[in-house]
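Welcome! Please open the structure in your viewer and keep the selection tool at hand.

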Amino acid sequence: MSHLLYLIILIPAASSAVLFVGGRLTDSWGHLMGAAAPLVSFVLGLIAFFQLRGGSAPSLHQHLWTWIGVNSFQVNFDLLFDPLSALFVLLITGVGGIIHVYSVGYMEHDERRRRFFAQLNLFVAAMLTLVMTSNYLAVFLGWEGVGLASYLLIGFWQQRDSAAVAAKKAFIVNRVGDMGMALAIMLMFHAFGTMSFAGVSRGMPHASGATATALGLLLLLGACGKSAQVPLQSWLLDAMEGPTPVSALIHAATMVTAGVYLVVRSHFIYAQSGAAQTAVIVVGVVTLLWGAIIGCAKDDIKKALAGSTMSQIGYMMLAAGIGPAGYAFAIFHLLTHGFFKANMFLGAGSVMHGMNDDVNMRRYGGLARIMPVTFVTFACGYLAIIGFPGFAGFWSKDRIIEAAFTSSVVAGAGAMIGAAITAFYMTRLMIMTFTSDRRWAQGVHPHESKPVMTIPLIVLAICSVFGGFLTLNGWIVNWLTPVVGPQGHHEAPLASWLITVLVLVMLAIGIGLAYLFFGRRRIPEEQPQRVSPVTRAARADLYGDAFNEAVLMRPGQYLTRALVFIDLRRIDGIVNGLAALVGGTSGRVRRWQTGFVRTYALSMLGGSALIVLALLAVRLG
Amino acid sequence: MTLLAAPAFQAPNLAYGRLSPLLIIFGVALVGVVVEAFAPRELRYQIQSLLALAGLVVAFISDVLVASSSPFSSSAGTGAFGGIEAQGAIAVDGPAMFVWGILLVMTLVSVLLVAERRLEGGLTAFAGQASALPGTEAEREASARGIEHTEVFPLVMFAVGGMMLFASANDFLTMFVGLEVFSLPLYLLCGLARRRRLISQEAAMKYFLLGAFSSAIFVYGIAMVYGFAGSFTFADVDNAISSRVGADGLLLLGMGLMGVGLLFKVSAAPFHSWTPDVYQGAPTAITAFMSACTKLAAFAALLRVFYVALGGARWDWQPVVWIVAIITMAVGSVIAITQTDIKRLLAYSTIAHTGFLLTAFAGAYQGTIVLTNQVSSLQAVLFYLVAYGFSSIGAFAVVTMVRDSSGEATHLSRWAGLGKESPVVAGAMALFLLSFAGIPLTSGFTSKWAVFTAAWEGGAWPLVIVAVVMSLVAAFFYIRIIVLMFFSDPVGEGPTVVLPSMLTSAVVTVGAAVTILLGVVPQPVLELARHAGEFVR
Amino acid sequence: MNLYLPIVFLGILAAAFAVFSVVASSMLGPRRYNRAKLDSYECGIQPTPQPVGGGRFPVKYYITAMMFIVFDIEIIFLYPWAVYFDSMKTFGLIEMVLFIATVFVAYAYVWRRGGLEWE
Amino acid sequence: MSPTPFLVLSALLFSIGAIGVLVRRNAIVVFMCIELMLNAGNLAFVSFARQVGNLDGQVAAFFVMVVAAAEVVVGLAIIVTIYRTRRSASVDDASLLKY
């Protein structure tokens with residue numbers, strides 16, 4: 001098998017290429033091939049997985065070719081299939097495949113469905129490259145690919161202005177992260193002369209503390225960009241502009257998990273720098289609360305789920321920051337989250353399908369009877385995410401909170417409060433959507449979706465119920481030990497049973513409050529305006545954009561306005577602020593190119609004078 | 001006058017074999033002029049094009065032979081081979097022979113573009129009769145009679161010959177002559193477009209006046225350096241610097257002015273202003289030729305002058321180059337964002353690429369400090385230029401194919417929805433743009449990587465950080481075009497992709513192939529660049 | 001520092017003089033414009049009248065001027081060559097023959113393309 | 001005798017040429033100014049040749065002259081063409097290409 005690893009990546013890539021190049025020829029069967037490709041990869045992944053399990057070798061390798069090689073310095077394009085990669089491959093291809101199948105139904109009436117599948121395949125292929133290579137440079141390749149594909153997919157409905165803006169935002173914010181990644185790779189090469197995981201981990205112990213911290217922070221910056229962690233979280237909510245399957249793919253299986261993968265994969269770097277680890281923990285805790293609070297106030301079902309993703313990824317980051325004690329749990333939660341989040345996003349898609357693509361939960365209600373399958377499956381996801389005992393989320397989240405307490409009480413407390421908030425907003429979502437009285441707009445006739453959409457829901461629901469069993473007698477921990485090292489024993493300040501009980505109490509509180517607020521009263525169709533400042537803040541994404549606006553965009557705006565006299569009212573948020581700044585500068589500077597030869601000559605002469613003077617200055621200074 | 005009494009004459013021994021590539025090219029160019037004079041008009045196109053192609057191939061072969069037969073010179077330092085020929089006028093060393101070979105290949109590809117005839121309906125893209133006024137009876141008659149300026153081919157040959165001389169010159173006088181020999185034909189070629197005569201001629205005039213201006217400055221710089229060192233040979237200048245004789249002021253002045261002349265040719269800010277106008281106005285085939293070959297030759301010369309002759313004064317010029325590099329990257333990447341004409345946009349992107357190249361140049365990571373497992377600045381720059389050259393030629397080749405009634409449709413709005421019109425062409429363009437943006441698995445990524453590491457190792461890491469940021473900005477507008485081509489609907493009746501003859505298709509294919517190959521398996525070319533070693537002193 | 005003073009001083013002096021001369025001429029010089037002066041080519045002569053619709057334009061003068069310059073300049077190289085001819089033996093002869101031949105190629109082109117016909 | 005006066009003169013010529021390029025509108029005159037700069041270079045060459053006492057500088061002057069002549073030919077050709085199409089040799093009129 002190890003010589004066939006490349007097929008896992010090649011198949012989706014090839015399918016994507018065929019769909020892109022084939023054009024209209026493939027319209028009739030393109031979507032079927034597109035949906036089949038990741039499933040085939042999934043089967044291959046399974047084979048490799050069992051071989052890895054059965055075999056004695058800690059990991060499978062395949063040397064494809066030497067990418068860059070000069071004398072002793074080599075960047076090999078090697079595939080690495082070790083326990084960590086294995087789990088990711090299965091998650092990406094498995095959940096991704098299910099989402100593909102679902103999309104066949106979801107995008108049925110879109111005439112550009114073929115292109116949609118081409119891009120989905122590209123997305124999957126890029127993500128697989130990211131998790132299956134054995135050196136950072138190649139990871140960067142997949143990293144860029146994912147960024148590109150997400151850009152295309154989020155902006156898929158480019159006729160919508162908002163979609164285009166959201167895509168641009170996602171792209172640029174990600175480029176900021178990529179910059180961190182690129183610089184980290186440069187630094188690595190400078191410090192170790194290699195960029196392979198093995199080489200770097202060998203070199204790490206001898207590296208200076210400063211180098212380690214710098215590497216850790218730069219990589220964290222990259223991870224924040226891809227995983228939408230504070231402060232680079234702003235793109236995630238807008239990314240909901242994409243078709244719902246895309247949201248599901250981005251949130252559950254691919255994109256946002258990349259950051260966590262990077263941190264876990266680079267454990268040998270974080271092992272050398274406590275500062276970097278602390279930074280990861282802080283980012284994680286802040287984000288998990290941030291996202292949860294946002295989730296409480298959103299009436300747009302997709303945005304509410306997006307907030308929850310942000311906060312769940314925050315949990316994973318927190319776990320990854322804890323170190324060897326947490327890596328396994330981070331990955332474990334990542335898997336379970338992949339199941340139930342995909343489940344709920346597709347469920348949301350199915351609801352929207354029935355409600356004429358209305359996303360406002362205030363106009364839902366009482367759908368439980370009309371869409372039984374969607375309701376039941378969604379309920380499974382719901383119980384899983386709030387961590388109801390027995391469901392997948394319970395096992396993973398509980399472990400993380402436990403581990404958090406071992407590292408610091410603050411982190412643990414934060415995680416625990418996060419659990420309560422999660423329970424609150426998810427319950428709110430359930431009530432507003434499924435149970436409460438009907439508040440549908442006129443002419444909306446909800447109906448259950450077709451089997452091609454409901455069957456994936458059922459599959460995912462089953463996963464989100466039983467996903468937790470991966471941890472039975474610590475299977476996942478042992479499985480990952482060869483990669484991230486032994487977990488070691490850490491004494492928690494509280495007994496683990498006590499923590500579990502506390503979590504459950506929090507859970508009860510959250511659900512109870514939500515029931516009080518939303519279950520007992522009638523839910524107004526319009527957003528109530530007289531609400532607590534907290535709610536108002538949360539509705540405005542905790543003023544995330546406002547903050548950007550005040551701190552980053554306003555100055556940019558003024559500067560731009562000073563530079564160009566163009567109307568900037570359209571601008572919102574840092575991204576467009578910066579874009580406008582650059583664009584404005586550009587629009588201004590290009591005026592220097594007056595078209596008059598004599599102006600050019602003047603600039604040349606001035607330039608030469610400056611150069612000579614600079615030379616003199618250098619010599620004298 | 002006894003002071004100037006010259007020494008007794010001894011006939012110089014010229015190693016004609018070593019210089020054969022140069023001689024062949026110039027010989028072919030001269031033959032081309034004779035053909036123009038005596039061959040009947042209807043045969044000229046065939047004769048000239050075949051002659052040019054044959055000459056290039058033969059010259060390339062002889063270059064390979066010379067390179068494979070060159071001994072390692074004892075005089076040189078790290079891994080340099082080849083030697084100084086023609087009484088110290090020309091250095092036939094590793095880098096020179098590498099540059100010669102690449103120049104010849106890229107010119108070969110460009111000549112295919114020049115010879116393209118189907119796009120203009122049976123005629124080349126060059127004015128039938130430059131002397132006939134646009135839109136007059138004379139012009140219509142000329143194009144009706146199928147008159148063509150087949151002088152284009154000899155001119156290109158002269159230009160490439162000059163470039164080879166420029167890149168391998170080992171004293172300032174030869175360098176100046178080479179500079180002019182490749183500039184003058186280019187001035188003319190820029191003005192010969194068949195369509196859009198006005199802007200073509202304007203481009204020619206601007207290029208000419210500014211070029212002449214810069215070469216005048218260059219000459220004055222040479223004079224100053226001569227006054228400082230008392231000789232034109234690079235080695236002597238180097239000695240003069242290291243032995244600290246001569247008036248230092250003259251050196252600084254000369255260094256600055258000469259630098260201006262060279263930076264002008266590589267279109268570095270603030271000497272870039274000719275680039276957008278000329279690139280937009282010139283016939284696209286010529287733009288492709290310039291963007292690939294002029295840049296390569298000029299960078300080779302720039303590095304040779306500053307590493308070999310002025311290497312001793314590195315502490316003087318390095319900081320200045322840092323500033324120039326930053327300005328150039330900023331100007332190129334930022335202004336490109338608001339461009340609306342594809343040729344102009346590519347021109348600004350070429351300026352940005354110059355900036356990236358200058359980072360490696362400023363790093364000056366060369367000589368004995370180079371670790372065995374890394375590429376020196378010179379090698380990185382050469383590799384980058386190979387990668388960039390082919391992508392750039394390919395991109396401009398695509399530009400020639402996207403047309404509407406008035407010739408090439410270069411306004412970006414006409415490119416909207418190109419992906420629907422012709423997926424293959426748009427795909428090729430997308431590939432080239434991704435390569436310019438430095439997305440992995442394209443030549444742009446590996447070459448950027450090589451250049452940046454060289455700069456970083458040379459201690460110019462702040463430059464590298466600026467460069468990374470700038471390449472992010474640049475990536476943004478490249479992606480914008482891709483989205484424009486694939487994801488937006490055509491305006492009006494949309495663009496049309498005219499089916500070209502074998503020639504242009506071949507060019508695009510070659511460009512795309514090289515772009516992918518150098519992205520996926522760059523190793524052979526990198527090795528070749530490394531084998532070229534350093535300059536012979 | 002004083003080592004570089006001359007350079008700086010020279011630059012200042014030169015620039016100052018150039019600016020001064022331009023300004024001075026524009027201020028002191030009398031402005032007596034006539035048609036010939038305002039006309040494009042400032043070489044005194046009347047530009048040859050343009051045929052309407054822009055047909056052929058007689059550029060004889062300029063062509064001739066170009067010819068003259070080119071062939072005249074080549075002579076430069078004959079002088080040092082002639083001075084040294086005796087000591088250069090056959091080598092000098094061959095080289096100069098090559099040189100002349102090269103120039104002759106240009107000459108042949110001009111001739112065949114009718115550059116030498118006055119009408 | 002010292003070459004300094006000649007160098008000063010050549011610097012003056014060079015600056016006059018450079019300023020001329022900037023201030024004159026007529027392409028021909030601009031071009032003449034450039035020629036002036038080249039000749040300033042020539043003067044510097046020969047005076048330095050005198051100073052350092054070898055012939056290289058004088059040879060260089062020859063080469064520069066020849067190149068200048070070639071430049072004249074090309075330049076005049078271009079300028080005449082553009083004059084005939086635009087009916088003006090002013091460098092400021094030719095500004096279609098900008099921004």
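This is a predicted model: local features need pLDDT of at least 70, side-chain atom pairs count only at pLDDT 80 or more; totals for chains, interfaces and linings use all residues.

Residues are numbered from 1 along each chain as its sequence is written, while chains are lettered from A and ligands numbered from 1 in the order in which they are written.

**Stop one: where the chains touch.** Show chains A and B together: 46 residues of chain A are in contact with 57 residues of chain B (in contact: C-beta atoms, placed from the backbone, within 7 Å). Now select helix H26 (597–620) of chain A, one of the elements on this side; H26(A) gives the most, with 14 residues. (Helices, H or I with at least four residues, and strands, E with at least two, are DSSP runs numbered from the N terminus.)

**Stop two: a helix pair.** Select helix H13 (residues 342–363) and helix H17 (residues 443–457) of chain B, which pack at an angle of about 30° with their axes 7 Å apart. (Axes are lines fitted to C-alpha atoms, for helices over the stretch in contact, and angles run from 0 to 180 degrees between N-to-C directions.) H13(B) and H17(B) are therefore roughly parallel, a term for angles under 35 degrees. Among the residues making the contact are Phe356(B) of H13(B) and Phe452(B) of H17(B).

**Stop three: a tryptophan.** Go to Trp475(A), in helix H21 (residues 475–484) of chain A.

Definitions and conventions:
Two residues are in contact if their C-beta atoms, placed from the backbone, lie within 7 Å. Angles under 35 degrees count as roughly parallel, over 145 as roughly antiparallel, 65 to 115 as roughly perpendicular and the rest as oblique.
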